[in-house]
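This report describes the fold of one protein chain and then turns to selected side-chain contacts. The sequence and the structure come before the description.

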Amino acid sequence: QVQFAESGGDLVQAGGSLRLSCVAFDNFFSIKTFGWYRQAPGKQREFVAAITSGGATNYADSVKGRFTISRDNAKKMVYLQMSSLKPEDTAVYYCARVGYNNWGQGTQVTVSA
């Protein structure tokens with residue numbers, strides 16, 4: 001199974017920005033679609049953003065215009081640039097291959113009002 005290691009989570013004030021990073025230990029990284037997901041306390045994990053091997057992106061309506069997903073195939077990295085953060089963005093953020101139920105430890109993002 002592919003393993004993921006997320007980082008970059010922090011405590012920030014509303015309106016602030018963060019950049020999350022994820023390294024995927026996957027020898028076929030460049031041909032796969034990866035995404036970011038999040039799980040807030042007491043809620044189910046939800047989709048945030050995805051990026052295909054060709055660089056096409058897709059976002060949840062709740063983050064459109066505020067979050068940007070990107071990837072670096074040479075480094076096997078997936079990034080999530082988050083801006084205009086809101087308290088409702090508070091969650092543990094995970095990266096994963098889209099369509100596969102394989103998760104890393106995640107990284108905590110907390111947005112204070």
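## Aromatic cluster

In this predicted model, a single aromatic cluster is formed by Y37, F47, Y94 and W103, where rings of Phe, Tyr and Trp (its six-membered ring) count as a pair if their centres lie within 6.5 Å, with planes under 30 degrees apart called stacked, over 60 edge-to-face and the rest tilted. Y94 has a relative accessible area of 12% and is therefore buried, whereas W103, at 29% relative accessibility, counts as partly exposed; buried means under 20% relative accessible area, exposed over 50%, and partly exposed in between, with a 1.4 Å probe and protein chains only. R45 lies over the face of W103, at 4.0 Å from the ring centre, and R19 is placed over the face of Y79, at 3.9 Å from the ring centre (a charge sits over a ring if NZ of Lys or CZ of Arg is within 6 Å of the ring centre and within 35 degrees of the ring normal).

A search of the whole structure gives five aromatic pairs. One of them is F4 with F34, whose ring centres are 6.0 Å apart and whose planes stand at 75 degrees, so the pair is edge-to-face. This pair links distant parts of the chain, since F4 belongs to strand β1 (residues 3-7) and F34 to strand β4 (residues 34-39), 30 residues apart. Both F4 and F34 are buried. The rings of Y94 and W103 also form an edge-to-face pair, because their centres are 6.0 Å apart and their planes lie at 70 degrees.

## Basis of the description

Residues are numbered from 1 along each chain as its sequence is written, and side-chain values use heavy atoms, with hydrogens and water left out. Because the model is predicted, local features need pLDDT of at least 70 and side-chain atom pairs count only at pLDDT 80 or more, while totals for chains, interfaces and linings use all residues.

## Overall fold

The chain holds zero helices and 10 strands, where helices (H or I, at least four residues) and strands (E, at least two) are DSSP runs numbered from the N terminus. The radius of gyration of the chain is 13 Å, close to the 13 Å that the globule rule gives for 113 residues, so the chain is as compact as a globular protein of that length; the radius is taken over C-alpha atoms, and the rule is 2.2 Å times the number of residues to the power 0.38.

Of the 113 residues, 43% count as buried. Among contacts between residues at least 6 apart in sequence, 52% join residues at least 24 apart, contact meaning heavy atoms within 4.5 Å.

## Strand β10 and its partners

Strand β2 (residues 11-13) pairs with β10 in the parallel sense over three bridges, and V12 has V111 as its bridge partner in β10. Strand β9 (residues 91-97) runs antiparallel to β10, to which three bridges join it, and V92 has Q108 as its bridge partner. Two strands pair if DSSP finds at least two bridges between them.

## Disulfide

The whole structure contains one disulfide, a term for a pair of cysteine sulfur atoms within 2.5 Å. C22 and C95 form this bond, with their sulfur atoms 1.7 Å apart, and the pair connects distant parts of the chain, C22 in strand β3 (residues 18-25) and C95 in strand β9, 73 residues apart. C22 is buried, with a relative accessible area of 1%, and C95, at 1% relative accessibility, counts as buried.
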